[in-house]
Amino acid sequence: MKRKLIAAVSVAGMMVGVAACGNGGDDKPKADAGGAKEITVWVMDGSAPKTWIDAVNAEFSAKHPGVTVKVEVQPWKGIQEKVTTALSENTPPDVLELGNTQTAGYAVTGGLADLTKDKAKLGADAWAKSGLASAEIDGKLYSAPWYAANRVVIYDKKAFEKAGVTAPKTRDEWVAGLEKLKAADPASQPIYLPGQSWYVLAGLIWDEGGDLAVKDGDKWKGGLGTPQAASAMEFYKKLQSFSTAPKDKDEANPQQSTDVVPKGGVASWIGLGWEAGGAEKALKDAGKEADFGYFPIPGKTADKPGTVFLGGSNLAIAERSKNKDLAKEWLALAAGKDQMTKYAAETKGALLPNQAGANFTPAAGSFAEAMAKAGVNGNITPVTPGWANVETEPNPIKEFMTKVLKGDDAAKAGADADKEIASRINK
């Protein structure tokens, strides 16, 4: 599965690379009671601020004198193949970061240790339910949720002020605002929304009570040929009518944050924190002013924001790890409230920690504030190993969206997409 979203959640300039960290112990370190002298942890590039990982390892080493934590930073490109290979070998990393929608696939192949009996030690009762959902398969725990991030609406404050538009709280207010923006500046796009931003559509489908796929006995079936998906697609089509973005492209082709927004003429768009930061930098580099505001994707009513996809990562332990007990001790520290609170502070709220008690209070009006408000109504794609096959190109969800935007009947296009989803997800 291409984890573009998860790979992108680090905000530009905020994260730093993580160096391999020692324990700083005695000149002649003694082995842990279990005999191990080192555990290896894989984290993805941009996921772990150096000061935070150093603090986790320092606390761990104080409890386990003589044991070194070797942290290895992995690039996102090619990571699935690398992890698959590593988990099949006799000396895999002890702890490793996995995308939250990748975890199921590695768990069912036997690559991950079953942590069900360790829930109490790991502090699972405090974890957000949305994060826990991606860590459990068939009632068994295979990882600890770590962090998550979601999209919000990013808008040009000057364009909104000129049109007399304020941040909307409902879908109706959102559409009314887009109409005002169009009237105030017909040459600009009230919203830039490519036809294949399927993570956005997923949120709209969840708002309608539907899903991208559902369990049907011991099999899965697609959920795009349903009235809920048709209703969601109808609203997406309404939003997309305010945009001149291509109907057959996603948000990365062209990259909205660096290839579209900096050129001007875009009053609002839907994106991640790193995209907001990238657009701001590109505008400033071009000598233009960047003054963005942010609000959660509006819901049907003002009391609850629209549902959003929570992309993120989990921390798991390899089944073939020779140091499982130590790995669990490290994992309990890293995923616990104390270190997650520090993690949220280090990332300045750009990434949501695995539990509400560790949330960072972001600055008023910031992207992080809007993301946190939206994240309370987050969801993830179906938790099943076969979901990875659905996202491979050509993505049937994207094709469904383009067909409907170009005039095809939503029910028929959805039924066709469901056949493809079923054939892929049940492999």
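1. A residue is called buried when its relative accessible area is under 20%, exposed when the area is over 50%, and partly exposed in between (1.4 Å probe, protein chains only). By that rule, buried residues make up 55% of the 427 residues in the chain.

2. This is a predicted model, in which local features need pLDDT of at least 70 and side-chain atom pairs count only at pLDDT 80 or more, while totals for chains, interfaces and linings use all residues. Residues are numbered from 1 along each chain as its sequence is written, and side-chain values use heavy atoms, with hydrogens and water left out.

3. pLDDT is the predictor's confidence in each residue, from 0 to 100. Its mean over the chain is 90, and 92% of the residues reach 70 or more. Over residues 1–31, however, pLDDT stays under 50. For that stretch the model has 87 contacts (heavy atoms within 4.5 Å) beyond four places in sequence.

4. On overall form, the chain has 18 helices and 15 strands. These are DSSP runs, numbered from the N terminus: helices are H or I with at least four residues, strands are E with at least two. The radius of gyration (taken over C-alpha atoms) is 22 Å, close to the 22 Å from the globule rule for 427 residues, so the chain is as compact as a globular protein of that length. The globule rule is 2.2 Å times the number of residues to the power 0.38. Along its principal axes the C-alpha trace spans about 75 × 50 × 35 Å. Of the contacts with a separation of 6 or more, 78% are between residues 24 or more positions apart.

5. What is the order of the strands in the open sheet of 6 strands? The order is S2-S1-S3-S13-S6-S14, and the pairing is mixed. Two strands pair if DSSP finds at least two bridges between them. Strand S2 (68–74) and strand S14 (352–353) stand at the edges with a single partner strand each, so one side of each has no neighbour in the sheet.

6. Strands of a sheet pair through backbone hydrogen bonds, either parallel or antiparallel. Strand S1 (residues 38–44) and strand S3 (residues 95–99) run parallel and are joined by 2 bridges; Trp-42 stands opposite Leu-96 in S3. S3 then pairs with S13 in the antiparallel sense over 5 bridges, where Glu-97 has Leu-315 as its bridge partner. Strand S6 (residues 144–149) is also antiparallel to S13, over 5 bridges, and Ala-148 stands opposite Gly-312 in S13.

7. Strand S13 (residues 311–317) has 7 of its 7 residues buried, so it is largely enclosed by the rest of the structure. Gly-311, Ser-313, Leu-315 and Ile-317 point one way, and Gly-312, Asn-314 and Ala-316 point the other way.

8. A nonpolar core is a set of buried Ala, Val, Leu, Ile, Met, Phe, Trp, Tyr and Cys residues joined through side-chain atoms within 4.5 Å. The largest one has 125 residues, and Trp-174, Trp-330 and Ile-397 touch the most other members. Helix H9 (residues 198–207) supplies its largest share, 8 residues. Beyond four places in sequence, the contacts of Trp-174 include Val-153, Phe-235 and Pro-298.

9. Ser-61 lies in helix H2 (residues 50–63) and is buried, with a relative accessible area of 7%. Its C-alpha atom is 9.4 Å from that of Trp-330, 269 residues apart along the chain.
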